[in-house]
Amino acid sequence: MTPAGSDPRRRSGTTSTRARRPKLDLDPVTVRRARTLARKVGRPIVRLAEQHTTVSVERATLRMAGLVGADPEGTPWANRLLDSVRGDVGLEHGVALPVWDALVRGAAGDLGELAQKAAVGSVRFRLPEGRDATRAAAAAKKSVGAGLRRIDARRRERERLIKRHGDPSQTPWIYLIVATGDIYEDMPQAQQAAREGADVIAVIRSTGQSLLDFVPEGATREGYAGTYATQENFRLMRAALDESSKELGRYVRLTNYASGLCMPEIATLAGLERLDMMLNDSMYGILFRDINPVRTFVDQRFSRQVHARAGIIINTGEDNYLTTADAVEAAHTVTVSQLLNEYFAKEAGLADWQLGLGHAFEIDPDVPESFRLELAHALLARQLFPKAPLKWMPPTRHMTGDVFRGYLLDGFFNLAGMMTGQGILLVGMMTEAVVTPWLSDRDLALQNVRYVRSAAGGLAEDFQPAPDGLIARRAQQVLAESIDLLTRIVEHDDGLLDAIADGTFGLMRRPADKGRGLDGVVPLAPGYANPARELLEART
Amino acid sequence: MSTPAADTIATTGQADLVGPPGEPATPARILRPYGDTTGDGMVQMSFTLPMAHGKLAEGAALQLAQKMGMDPAMVVHAKAMGPGYCFFVVYGRVHHLVDTSAITVVERDYPLLSPKEANLAVRKGLRRRMTVVGACIGSDAHTVGIDAILNIKGFAGEKGLEYYREIRVVNLGAQVSVPQLVASAQEVTADAVLVSQVVTQRDAHVLNTREMSAAFREAYPADRRPVLVVGGPRFDESMADQLGVDRVFARGTTPAEVASFLVHALVTRRKAAA
C-alpha cells in the first residue's frame with residue numbers, strides 16, 4: 001500500500017546517508033526483548049479499547065456517513081444527534097442501529113434532517129430487533145462505507161498529486177508551523193512558508209481545543225495561540241497548499257492535530273479533507289491534558305485505524321516528556337513511549353512509513369557532552385525504528401530569550417538531525433518562548449537549516465561512533481533503562497493503566513476512573529454495532 | 001513572553017556619567033548604552049520592512065533608524081525575504097539618557113523558591129499538603145493561563161504546580177461558575193484559589209474577579225478564607241485591593257513565582273501573624 005515516494009527516508013537527495021553497517025552495535029536479542037515487552041504492555045489496552053466505545057467514536061461514525069453542520073448555537077449536528085440517541089436508548093449498542101433504524105422507518109430523509117428533528121424532540125429512537133436490526137445495520141454499513149470510499153479516494157488523489165508534483169528532493173523534510181488564529185491569515189502565510197522551503201505545514205490548534213467535546217464548525221477567524229481545527233479550515237488550507245504544490249513543483253504536506261477529546265472525529269475529517277500528517281500520540285492526552293485513560297485509548301485506536309486507511313503519517317509526541325522531565329534522566333521514557341506508540345500504531349494497521357515517532361533536542365546545553373548525548377539518543381531512535389520517518393523536534397526548554405544563543409543551539413539541533421538521518425525536522429525558532437515567529441525569524445531559521453544541510457547534509461556517511469565510545473555506551477544504557485521501565489510496567493497488576501495511575505510517566509498520576517471525558521466512555525453491550533469499526537477492522 | 005526584569009536595568013550600569021565624583025556608593029543613575037567604550041551609546045536592532053530589497057529599502061531602513069534616534073545609523077545587513085519584504089540589521093549611536101531614578105518597578109515582596117524549597121516550606125510550615133484549586137471563571141474558555149501555571153508541563157521551562165509534591169492541585173478547567181468554584185473550594189478545603197481570566201471584553205475579567213472575591217468573602221469567615229489569586233495578560237499587578245484578591249499576576253508570570261507567593265502567604269505570613 002505504500003504510495004510511491006511517500007516515505008521521507010526514500011528518494012533522499014543524498015542516498016549515501018544510509019551507512020552500510022549500523023552505527024550502533026545494539027544487541028538484536030535486547031531489541032527483540034524491548035518489542036516483546038511493548039507488546040505485552042499494549043495488548044491488554046487493545047482489548048480494553050475493543051470492549052468500549054466513546055461519544056467521539058460514535059460521532060466520528062456519523063461524520064463518516066456524511067453528517068455535517070451545526071445548529072444556530074454552533075453545536076454540531078453530530079453532537080445533537082448523538083445526545084438524542086443516548087438519551088433515548090443509551091450508547092452501549094452504538095449509534096448506528098437506532099439512527100439508521102429511524103432512517104429506514106422514514107423518520108427523516110437523511111442524517112441532517114434526522115438530527116434536526118431529534119433536536120426538537122419529534123423523533124424517538126429505539127433499538128431495532130430481528131429483521132429491523134438487520135435492515136438498519138445494512139443501511140448504516142452502506143452510508144458509512146460510502147464515507148470510507150471518499151477517504152480512499154482522497155488517498156488516491158494524494159498519491160496522484162505526489163506523482164505529478166513530486167516529493168521534496170532532500171531529507172529531512174522541513175516542517176514549519178503556522179498559526180495566527182485566523183484561517184484567512186494562515187493561508188497566505190503557509191503559502192509563503194512553502195515558497196521559503198517548507199515541505200510540511202502544520203497549523204497549530206487554538207489553545208484549549210483539545211478539551212472541547214465537539215469539533216467547531218466552519219471557517220474560523222479567531223483562536224488563541226492557534227487556529228481551530230474544523231473541517232472547513234482543513235479544506236481551505238489543503239486547497240491553498242495544492243496551489244503551492246503546483247507553483248513549486250513539489251507536493252506540500254499539511255498537518256494538524258488528532259488529539260484531545262475529539263480525536264476520532266478530527267482523524268475522520270482529516271481523512272475526508274486529505275490532510276497528510278496528524279499529531280497522534282497514545283498517551284499525551286492522558287498525561288498532559290488529564291483526559292481519562294480509557295477514553296484516550298479507545299479514541300486512539302479508532303483514530304489510528306482511520307489514519308492507516310487514509311494514508312496519513314502520524315507524528316507522536318515524545319518531545320513532551322522532555323519538556324517536563326530532564327532530557328538525560330528521562331531519555332528512556334522517550335524510547336518506551338516510542339515502542340508503545342509503534343505497537344499501538346501497527347496494531348491499528350499503520351505501516352512503518354506512517355510512523356513519525358517523535359523525539360527532541362532538549363538536553364540542557366550546560367551539561368557536559370550534551371551534543372554527544374543528543375547524538376546517542378537520536379541514533380538509538382534511528383536504529384530501533386529504521387524504516388520510520390522520525391520526527392525531530394527542536395529545543396524549547398533551554399531557549400531562554402537570548403535569541404543569539406538560541407540560533408546557535410538550533411544550528412546544533414539541525415546538525416544532529418542531518419548526522420542521524422531524521423525524516424521530518426521541525427524547524428526551530430530562535431524566538432521560541434519570546435514571540436510567535438515573525439517573518440524574519442522563520443527566514444533566519446530556514447537559512448540555518450539550509451546552511452547545515454548544504455554544509456553537512458552527507459556527514460552521516462563519514463560519521464561512525466566509536467564502538468565503545470560515549471555515544472555507543474549511552475545508547476545501550478538508554479535501551480537497558482527502557483527495558484527496565486517496560487518490565488516494571490508489565491509487573492503492575494493492571495499493567496499500563498496502573499503504571500499511568502501511579503505516576504510512572506512524566507510524574508503524573510492519572511487513575512483510570514478519573515480525568516476529562518470519562519462520562520463519554522461506554523462499555524459495549526452484546527449486539528453493539530458500528531459499521532465504521534467493522535469496516536476498519538476488516539482491512540487487508 | 002518573559003522579558004528580563006526591569007529592575008536589572010538599575011543594577012547593570014557601568015558608570016555614573018553625570019553624578020558627582022567621589023561617591024562610588026550611590027548606584028549609577030544616568031546611563032547610556034555601552035558598545036565598547038563608556039558613553040558611546042551604541043545599540044543594535046533588526047526589523048523587517050514590507051518592501052522589496054534595494055537601495056530604496058536601505059534608505060527606508062536608515063530613515064526609520066534616524067527617526068528612532070540613531071545618529072549616525074549604519075545598515076549593516078539587508079536581505080530580501082520573498083518579493084515584498086526586506087530584513088535589516090542596523091547598528092548606530094543613540095543620544096538618549098536613561099535615568100534609573102525615574103523607574104518604578106513592582107518588586108517581588110517574597111523570596112523566589114525552587115520547587116524543592118517550596119515543598120520543604122510547606123512540609124515544615126503546614127505539616128500537610130497545600131491544596132490549590134484553579135479555574136477559568138465565567139464564559140472564559142482560555143485555559144492557557146491556568147494550565148501554564150498548574151499543569152506539569154508548566155511554562156517558560158518551569159514545571160507547573162502539579163509537579164510540586166507538597167501541593168495538591170485541583171484544576172477545574174474552563175467556564176466554571178463562581179458558585180461551583182466556591183463549592184469546590186469548600187469541598188476540598190482549599191488553601192488557595194487561583195483564577196485565570198484572559199477574555200477582557202467589556203471588562204469581563206474585572207467584573208468576574210470582583211464577583212468571585214465577593215462570593216468567597218460571603219462564604220467564608222475572614223480568617224478561614226482561602227488565599228485568592230487572579231492572573232491574566234490584561235491585569236495590572238497593583239489592582240489587588242480593588243479586585244478584593246490577595247494577589248494579581250500579570251503577563252509572563254511563571255509557576256515558581258505563584259508557588260513562592262502561596263508559600264509566602266500561607267506559611268510565612270500566617271506563621272508571622274500567629
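How do the residues of the lining of the largest cavity divide into nonpolar, polar and charged? In this predicted model, the lining comprises 10 nonpolar, 4 polar and 1 charged residues, where Ala, Val, Leu, Ile, Met, Phe, Trp, Tyr, Cys and Pro count as nonpolar, Asp, Glu, Lys and Arg as charged, and the others, Gly among them, as polar. Residues are numbered from 1 along each chain as its sequence is written, and chains are lettered from A and ligands numbered from 1 in the order in which they are written. Local features need pLDDT of at least 70 and side-chain atom pairs count only at pLDDT 80 or more, whereas totals for chains, interfaces and linings use all residues; side-chain values use heavy atoms, with hydrogens and water left out.

Confidence is given as pLDDT, the predictor's confidence in each residue on a scale from 0 to 100. Within chain B, the lowest confidence falls in helix α1 (residues 8–11) of chain B, at a mean of 37, and the highest in helix α2 (residues 55–67) of chain B, at 98; helices (H or I, at least four residues) and strands (E, at least two) are DSSP runs numbered from the N terminus. Over residues 1–25 of chain B, pLDDT stays under 50, and the model has 29 contacts beyond four places in sequence for this stretch, a contact being heavy atoms within 4.5 Å.

A cavity is here a set of points on a 1 Å grid over the protein atoms alone where a 1.4 Å probe fits but cannot get out, and lining residues have an atom within 4 Å of a point; grid points are joined across faces, edges and corners, and a volume is the space filled by probe spheres set on the points. The largest cavity holds about 130 Å³ of space, and of the 15 residues that line it, A331(A), V334(A), H359(A), H377(A) and A378(A) are the closest to its centre. At least two lining residues come from each of α13 (331–347), β8 (358–360) and α14 (370–384) of chain A, and α14(A) gives the most, with 5 residues.

For the second largest cavity, the volume is about 70 Å³. Its lining consists of I45(A), V46(A), A49(A), F297(A), Q300(A), R301(A), R304(A), F344(A) and E347(A), which by class are 5 nonpolar, 1 polar and 3 charged residues. Of the elements of chain A that contribute, α11(A) gives the most, with 4 residues.

The bond from T171(A) to P172(A) is cis, with omega near -5°, and P172(A) is found in the loop between α6 and β2 (173–178) of chain A. In chain B, the bond from D71(B) to P72(B) is likewise cis, with omega near 0°, and P72(B) is placed in strand β3 (residues 70–80) of chain B. D290(A), a residue other than glycine, has a positive phi near 55° and is found in the loop between α10 (284–289) and α11 of chain A.

How values were computed. On a 1 Å grid over the protein atoms alone, a cavity is a set of points where a 1.4 Å probe fits but cannot get out, and a pocket is an open set with protein on both sides within 12 Å along at least five of seven lines; lining residues have an atom within 4 Å of a point.
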